[in-house]
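Dear colleague,

Please keep the sequence and the structure open while you read.

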Protein chains: 2
Amino acid sequence: MKVVFIGAGNLATNLSEAMLSAGFEVLQVYSRTEESARNLGTKLGCLWTCDVSSLDSTANLYIISVSDKAISEVLDKLDVQNNEAVFCHTAGSVGMNVFEGKGFDNYGVFYPMQTFSKNKKVDFRNIPIFIEYSNNVARCVLTDVAEKLSDTVYVRDSKARKALHISAVFACNFVNHMYDISARLLEEHNIPFDVMFPLVDETAAKVHEMKPKDAQTGPAVRGDVNVMKEHLLMLEKEPELKELYELISKNIRKWGQ
Amino acid sequence: MKVVFIGAGNLATNLSEAMLSAGFEVLQVYSRTEESARNLGTKLGCLWTCDVSSLDSTANLYIISVSDKAISEVLDKLDVQNNEAVFCHTAGSVGMNVFEGKGFDNYGVFYPMQTFSKNKKVDFRNIPIFIEYSNNVARCVLTDVAEKLSDTVYVRDSKARKALHISAVFACNFVNHMYDISARLLEEHNIPFDVMFPLVDETAAKVHEMKPKDAQTGPAVRGDVNVMKEHLLMLEKEPELKELYELISKNIRKWGQ
């Protein structure tokens, strides 16, 4: 199966490398910026371009992996003369209906739910992939790709995928910001964040065995007002963090009762 | 070495079990509530009591592991006629000075930085333990216990420990609340939280390899306003979560710039 990648960001980089390893042929890579296109093209050993209106028309699958807001625009500019090709995007938060009324027949969504960075490889076998499709042609192609990459493939509609995406924002993006705050507070005392690794790992491991609500510990759920007051004092000089601390603690307390 | 445990909560339960396994002799367990005292006493095969003013006076070490606000009160009631014994508490947020002026000579703090639940065993070898002491007697005893339990023992004063504690609240307690929110949002769509495990694990694994600020992904750091707007709409019925989403996103955006 021949594939063209439209986009060269974190997800496109990780997905295209995984597909190459799994035996798919990547024909071409597009990115708006020349540097990104060249970098990924070089990495994959394929052609690259910055012109989305003149892509190779002989691929079986076009994977649109640009920022959520750019998908619709890219679809408008796309000019692939190939009725049998399948088109998909990879965004958790964008409905499949973004393809409607733009002259596509075989289309769908291919959403690997994971956090991707260019310089950290992830094992796709463990990543849940959520797919959705417009017809049987798209179903066959997207199912084939998903199952060759991952052990857990789900068919879910756009509504469920949006719920997954916002949940992932909390469980990943917001979690990472909590790590970041922790790291910065430690930095002020010249303590490296490494010291938190056992706690970070155990906190993640715990929710494999019990529900997050049962795993909740700390001053807020215990209602330890003295400790919370002292923490708020420590954050006096950082009003945003103080506000965040108060809001999260209030919510933990409320949910714990 | 003979030990008396004052407190029978999550930390006391985990620590006393680990000490028993490491060859320490637990003489007695105290808890304010009879049920907790009996449960832990039975688990450890030792005596238990609800009367803190009549503890066994022959122990070498008294570990005070009650809620942060109760430590001072417990110290006032304690009546142990033993000048050679060492007394310590296990609270990250309470200074060593809580012992001052109460007639103790050998005292200190023994803070294992981890999240403890009664029904989940943790491996103490990986837990960083932060100790602080009033004199050489306390130093010897606390160092000995810490090193028999863990591979990473640090000597840190109360100020540093308080910084560690508030950082741990963000990296653990608040992280867990993010998991909890994620789980509840999924529940509304009948999706089990299990589907998040690969993402949860990768998010934790990532910060072993790069700084949290470099690991940040998601709509907020990308400045993807459309996605954030849609997410806020999805949270319309839950004003607390909406406020939280806005505040965290604003902060991620600010720090990412």
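F130(A) counts as buried, because its relative accessibility is 2%, and the cut-off for that word is under 20% relative accessible area. Please bear in mind that this is a predicted model. Y111(A), at 6% relative accessibility, counts as buried as well.

These two residues belong together in another way, since the structure holds 24 aromatic pairs over all chains, and one of them joins the rings of Y111(A) and F130(A), whose centres are 6.2 Å apart and whose planes stand at 35°, so that the pair is tilted. Y111(A) lies in strand β6 (residues 107-112) of chain A and F130(A) in strand β7 (residues 129-133) of chain A, which means that the pair ties together parts that are 19 residues apart in sequence.

What do we find for the rings of Y111(B) and F130(B)? Their centres are 6.2 Å apart and their planes are at 35°, so this pair is tilted too. It links distant parts of the chain, with Y111(B) in strand β6 (residues 107-112) of chain B and F130(B) in strand β7 (residues 129-133) of chain B, 19 residues apart. Y111(B) is buried, with a relative accessible area of 7%, and F130(B), at 2% relative accessibility, counts as buried.

Finally, there is a group of rings to look for in chain A: Y62(A), F87(A), F99(A), F104(A) and Y107(A) form one aromatic cluster.

Conventions: Residues numbered from 1 in each chain as written. Chains lettered and ligands numbered in written order. Predicted model: local features only at pLDDT ≥ 70, side-chain atom pairs only at ≥ 80, totals over all residues. Heavy atoms only, no water. Phe/Tyr/Trp six-rings, centres within 6.5 Å; stacked < 30°, edge-to-face > 60°. Helix = DSSP H or I, 4+ residues; strand = E, 2+ residues; numbered from the N terminus. Buried < 20%, exposed > 50% of the residue type's maximum accessible area, 1.4 Å probe, protein only.
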